[in-house]
Amino acid sequence: MSSPIRYLLPCLLVLSSPAWTQTAASSAPPPAARAATCTDAKHHQFNFWIGEWDVTNPAGKAAGHSRIDAILDGCVIMENWTGAGGSNGKSFNIYNTALDRWEQYWVDNGGTRLMLSGNLVNGAMVLEGRQDRPDPKTGIVQRERITWTPNNDGSVRQHWENSTDNGKSWQTSFDGLYRRVTVRN
């Protein structure tokens, strides 16, 4: 027997033994336990955003396209954004049971990341956060607030605002209307 095989064979025998496979299998939670972790109604408060959307600005001009999916047994809502100007981004949204709040982690192809948190307020999801660094000119850390409001016609308004005076006043960064994509022929 060649030298490498002589050392590999005992490892394979140990890994394939019934004791090893039982130990490895018993350390993972049973499938039913994993699937039942996000059944509380709060985990589904943001489900109104799930779908495939064409997004326009208030003037009706195309702003981009977004596909929002429930992933990981419905515990995470993942956004895949493609902007009309070439930007691409993703967000991961989860209800944090321990902190009783929603959290979003956004990243994009410009190297930007943003962490937001908040809750459902009067039927709209409102998440807030801060930029990592202060503005070099003012020394103030910009605050961000995004509100997703489901409309009666099935569309969703996403209103993104920022504040450079610690929340005393807010300016619109983005105002988009998400309309469900109809079947295209």
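## A guided tour from fold to core

From the N terminus on, the elements of the protein chain run α-α-α-β-β-β-β-β-β-β-β-β-β, giving three helices and ten strands; helices (H or I, at least four residues) and strands (E, at least two) are DSSP runs, numbered from the N terminus. The model is predicted, so local features need pLDDT of at least 70 and side-chain atom pairs count only at pLDDT 80 or more, while totals for chains, interfaces and linings use all residues. Residues are numbered from 1 along each chain as its sequence is written, and side-chain values use heavy atoms, with hydrogens and water left out.

**Whole chain.** Begin with the surface of the protein chain, which exposes about 11,500 Å², as given by the Shrake-Rupley method with a 1.4 Å probe, only the protein chains shown counting as cover for residues. Carbon and sulfur atoms supply 57% of that area. Of the 185 residues, 30% count as buried (under 20% relative accessible area; exposed is over 50%, partly exposed in between; 1.4 Å probe, protein chains only). Among contacts (heavy atoms within 4.5 Å) with a separation of 6 or more, 31% join residues 24 or more positions apart.

**The disulfide.** Next, select C38 and C75, which form a disulfide with their sulfur atoms 1.9 Å apart; the criterion is a pair of cysteine sulfur atoms within 2.5 Å. The structure holds one such link, and with 110° about the S-S bond it is right-handed. C38 lies in the loop between α3 (31-35) and β1, and C75 in the loop between β2 and β3, so the bond ties together parts that are 37 residues apart in sequence. Are the two cysteines buried or exposed? C38 is buried at 9% relative accessible area, and C75 is buried too, at 13%.

**The nonpolar core.** Now select F46, W49 and W148, the residues with the most contacts inside the largest nonpolar core, a set of 20 residues. Such a core consists of buried Ala, Val, Leu, Ile, Met, Phe, Trp, Tyr and Cys residues joined through side-chain atoms within 4.5 Å. Colour the elements that give two or more residues to this core: β1 (51-56), β2 (62-71), β3 (76-83), β5 (101-108), β6 (113-121), β7 (124-134) and β8 (141-150).

**Aromatic pairs.** Turn to the rings, where the structure holds nine aromatic pairs; rings of Phe, Tyr and Trp (its six-membered ring) pair if their centres lie within 6.5 Å, with planes under 30 degrees apart stacked, over 60 edge-to-face and the rest tilted. F46 and W148 are edge-to-face, 5.2 Å centre to centre with 70° between the planes. F46 lies in the loop between α3 and β1 and W148 in strand β8, so this pair ties together parts that are 102 residues apart in sequence. F46 is buried at 0% relative accessible area, and W148 at 1%. W49 forms a tilted pair with W148, at 5.3 Å and 50°. W49 is also in the loop between α3 and β1, so here the parts tied together are 99 residues apart.

Show the neighbours of W148: leaving out residues up to four places away in sequence, its contacts include Q104, A124, M125, L127 and V156. Then select F46, F48, W49, W53, Y95, W102, W148 and Y178, which ring pairs link into a cluster.

**Last stop.** Finish at R145, whose charged end sits over the ring of W170, 3.9 Å from its centre. The criterion is NZ of Lys or CZ of Arg within 6 Å of the ring centre and within 35 degrees of the ring normal.
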